[in-house]
Amino acid sequence: MLSYIFRRILYAVPILVGVNLLTFTLFFVVNTPDDMARMQLGIKYVTPEAIEKWKVERGYHKPLLFDQAQDGLDKLTHTIFFEKSIAMFAFDFGISDEGRDIGYEIRSRMLPSFAIALPVFVLGLFTYIIFALIMVFFRSTYIDFWGVVLCVALMSISGLFYIIGGQFLVSKLWHLVPISGFSTGLDATKFLILPVIIGVISSAGANTRWYRTIFLEEMGKEYVRTARAKGLPEHLVLFKHVLKNALIPILTGAVVIVPLLFLGSLIVESFFGIPGLGSYTIDAINSQDFAVVRAMVFLGSLLYIVGLILTDISYTLVDPRIRLS
Amino acid sequence: MMKLCKNKIKVVIFCLTSAALIQLAACGQMVWNNPYRTSDTGKNILYNVFTERPKHLDPVQSYSANEIQFTAQIYQPPLQYHYLKRPFTLMPYTSVEMPVITYYDHHDCPLPDDVDADAIAYTQYEISIKPGIFYQPHPAFATHVQSGWLYHQLNEEALAAVYRLSDFPETGTRELTAHDYAYQIKRLAHPKLHSPIYGLMADYIVGLRDYSNVLRNVQSGFKESGDFLNLNKYPLEGVDVVDDYTYRIKINGKYPQFIYWLAMPFFAPIPWEADLFYSQQGLIEKNITLDWYPVGTGPYMLTENNPNLRMVLEKNPNFHGEFYPEDGMPADYENGLLRDAGKSIPFIDKIVYTREREGIPRWNKFLQGYYDASGIGSDSFDQAVQLVGQGEATVTEAMAEQGIRLETTVAVSTFYIGFNMLDPTVGGTSEKTRVSARKLRQAISIAVDYEEYISIFANGRGLPAHGPIAPGMPGFRHGREGINPVVYDWINNGPQRKSIQVARHLLAEAGYPNGIDQETGVPLVLYFDVTARSAEDRSFLDWMRKQFQKLNIQLVVRSTDYNRFQDKIRKGNAQIFEWGWHADYPDPENFLFLLYGPQRKVGNSSGNAANNAANYDNPVYDQLFEQMKNMDNGPGRQEIIDRMVEILRFDAPWLWGYHPKEYGLYHAWYKNVKPNRISNNNVKYYRIDSDLREQKRREWNEPVLWPLVLAFVIIVINLIPAVAVYRRHESSMGIKKLQPKSS
């Protein structure tokens, strides 16, 4: 397995380089270093001299990808792309264009994002599986029918509607929790209740239906009939046998997003005033802060790759027949 | 036995549920949705909001409105604006009196005040500051009797437990001196800092440009990038410290507007100790910098800086004290703005600024009493404001019931549509085509109905502009004298836009009868350059097309992203474009320079920042501008301004657009508010009735519990048949289904 993981890590390197190159190209197609400098320095009274100084200090005065004026390998290394990318592969995200340590910002913003994403993930997974199993248990009854109708209805509504509707009902009309905000420690609970509930409900339709489909497929298999024939109660059949055998497709969807939980949600964080990484990325895009955008995209792709590797490893844990080689 | 146990469990569940419901009911008097700490309840705190995180809090770098709302409360420049007087009046802040201004010739001989500007070699501003002003408590000043400065040479061990400024256990203070003001002026030229006004000030402050080169050379000689550049070692020709309480600034020639800059944080004091303290590499690596943790002498100091969530200002315990103004405008007496006259300020102990990116939560929290003031978004405008009488705006009944009041002010801003004067069609290339283009611009000026625009797109929040100068500024003319005769007639005691027939006539004179180029026979097509628009803005662009369509002119919208748009403006590739300006200081020069020839964007040889986006260039206007900018306000200056505005109205390089009106809503407990956008250090004048706020918050936010009970009941009702089905399923025998029917 170790050699498999090592190989996957090696595969990740060209993927990360490719993602980095793509981000770099897309960013600089839209923004020039001069634009970035103007955005940081302001529009009023900014002189060309100040713009040039800003670029030199941050290394944006160099060519983007290829320096014709240099010799040999310097043609490639004496460029913005190389100089900005090489440190990142050593996890040195550097300083943002507004002069703050990106690593520090990521560390301090990771926890608020995680404080929402983890409960949404755990509660969501638990709720969707339970509801899917109940619908399977009551399959072909009115409960199953109305359950599917409810799922389709939930899927059809925009995520933003849940947020605005939830804030309107729960916070504005009923005054049960604050509309937005964040705090640390136990005080954070009152701010997390609503976004977590909304996070769970907004994905309930699609996920419950997906899990129901998986479980229904399993229900038709021989081992289920055997379990019933042995006289096992239905809840044991479902929770002990069907759930266990359906874990592979569940893990495929679930484990891959575990590392991404740290990255937060753009819309939820914005509406609920959560100082997480989602809003950090949005702020960086708005202020054309390439250093932050690049770091966040790099981190996102890296965590996605980690998620995929973890998914593969989790297969071996739930199904002994699978060997990674 | 088993049955008995199950019954016990049911009893326990029932008891717990009942207890929870009783508990919920008992909590009916509590406020559950309070977003603040319970310990802050009833305290003298102002709750405010900010949407964009500040980038800089270093006064030499900070400029934008979202930054100055913090820095203006912390830093004390020598001058400030009178809170109540209009037009805006400068007054001493830390200075003993207004600066003593002396003009000198090239032989350093003083000149009389009324001397011609050309004879002035330099102007000297002598400023004396009040003794006994102390800095806020700060670790940069912390000393030990034996070891001296405690935190000026921090090693790794000392830095290990430091993550924020408050982690330093010891603080100190010292008296403000004139040296600190001189130090800050030198910082404008610091090679590591980016002061947005450096380019401008280098033209005026004697020797500042050379000083920048000196500092750059010194810095380049440093072995390590973190070495401290002690500005005290390097004298600046244009700044002279006379004694601990007096300093002088020398300005090249005459620049009367310089005095307004002395009321901005750019000229606030910075102690060298703070500069040295923050220059330590270990602190920089931990993001502890002057840009993040300001140090000032003002009424407030920043105690929490988390711009992603919350910024907190608290009363500076060392603040030297100030008193609420004892005079103001006549209306201020009626509005109760002088009830606190002569009292010691600041009134408020703490200001909590919470970051809210979205309008919906911001608005709802204001209605719940968790923010003390709010702006009005277009979504909530009808809910908040109604027009009564002769278009006078007031709050709706629902708002009035909550005790919310509306304060309005005309911003010292202008939003206009510019014509690129380098464009052959709208600007002209020869004398003949320039005349034709001017008539075309005049025709469009009449056709684009800004009264309608303000009504539709700004909810009535604006005044149609008759020239570049905003109301409230010296030089602005009210009433009949102030109308733009090219676009308006004075009818029934008010300006009335000329009929579209007049515009069509002008268009025909311009060579485009009925919108057709009479030389080529081709319909006239003009191009409107805008930044990428959201779906909401499409209606505005459709409206613009219709305005041009009145003249049978086809308007093509060229939408692009903001960077490309800026690029087009810089290179003069736009034809018609939207732009705006907010005044830095209350002087007409700050509007009129936007059309000053040497300020044009294209072909600007000075290398300085240029703000004449229309590339308007009129030698007569430029000459008058140069004359006007050096004059003091008075009839003579007004006469020149009138002539300049007349030239502009005739040439019509802009559709003059409108001056926005700012509407703000304030709760009944929020006192002493007189909004304006020129002076920013106003928080010290505000007062909060925190008892009233607490009472209203409880009244407005009583938790509604029936939805929780209902949800519980629904769950139970749904569970009962499900449990019944499950039990029936579990107790049934599957084999029964296999038995053949007896018949």
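Contact here means heavy atoms within 4.5 Å. The model is predicted; local features need pLDDT of at least 70, side-chain atom pairs count only at pLDDT 80 or more, and totals for chains, interfaces and linings use all residues. Residues are numbered from 1 along each chain as its sequence is written, chains are lettered from A and ligands numbered from 1 in the order in which they are written, and side-chain values use heavy atoms, with hydrogens and water left out.

Chain B was examined for its overall form. Its C-alpha trace spans about 120 × 85 × 55 Å along the principal axes. The secondary structure comprises 23 helices and 29 strands. Helices (H or I, at least four residues) and strands (E, at least two) are DSSP runs, numbered from the N terminus. Of the 743 residues of chain B, 53% count as buried. Buried means under 20% relative accessible area, exposed over 50%, and partly exposed in between (1.4 Å probe, protein chains only). Among contacts in chain B between residues at least 6 apart in sequence, 71% join residues at least 24 apart.

The domain assignment of chain B gives domain 1 (59-290) and domain 2 (413-662). Such bounds come from an automatic or database domain assignment. The centres of the two domains of chain B, taken over C-alpha atoms, are separated by 39 Å. In chain B, 15 residues of domain 1 are in contact with twelve residues of domain 2. The area buried between these domains of chain B is about 1,100 Å², and carbon and sulfur atoms give 48% of it. Buried area is the accessible area (1.4 Å probe) that two parts lose on being put together, summed over both. Lys254(B), Gln257(B) and Tyr260(B) supply 40% of the area that domain 1 of chain B buries against domain 2 of chain B, more than any other three residues.

Zero salt bridges are counted between domain 1 and domain 2 of chain B. A salt bridge is a side-chain nitrogen of Lys or Arg within 4 Å of a carboxyl oxygen of Asp or Glu. Four residue pairs, both at pLDDT 80 or more, are in polar contact between domain 1 and domain 2 of chain B. A polar contact is a pair of N or O atoms within 3.5 Å; within protein, one must be able to donate a hydrogen and the other to accept it, and residues adjacent in sequence count only if both atoms are side-chain atoms. On the side of domain 1 of chain B that touches domain 2 of chain B, helix H5 (198-204) and helix H7 (258-261) of chain B are the elements that give two or more residues. H5(B) gives the most to that side, with three residues.

Asn48(B) is in strand E1 (residues 45-50) of chain B. At 18% relative accessibility, Asn48(B) counts as buried. Asn48(B) and Val352(B) are 304 residues apart in sequence, yet 6.0 Å apart in space, C-alpha to C-alpha. Leaving aside neighbours within four places in sequence, Asn48(B) is in contact with Val352(B), Tyr353(B), Thr354(B) and Tyr371(B). Gln402(B) is in the loop between helix H13 (397-401) and strand E19 (405-410) of chain B. Gln402(B) is buried, with a relative accessible area of 18%. The side chain of Gln402(B) reaches the backbone oxygen of Leu367(B) at 2.9 Å. With neighbours within four places in sequence set aside, Gln402(B) is in contact with Leu367(B) and Trp700(B).

Between the chains, 71 residues of chain B are in contact with 62 residues of chain A. The area buried between chain B and chain A is about 5,400 Å², of which carbon and sulfur atoms give 50%. Five salt bridges are found across this interface of chain B and chain A. Arg53(B) forms a salt bridge with Glu105(A), the closest N and O atoms being 4.0 Å apart. Across the interface of chain B and chain A there are 25 residue pairs in polar contact (both at pLDDT 80 or more).

Chain A is divided into domain 1 (2-90) and domain 2 (110-318). Their C-alpha centres lie 36 Å apart. The area buried between domain 1 and domain 2 of chain A is about 1,800 Å², with 74% from carbon and sulfur atoms. One salt bridge is counted between domain 1 and domain 2 of chain A. The side chains of Arg8(A) and Asp312(A) meet in a salt bridge (2.3 Å, N to O).
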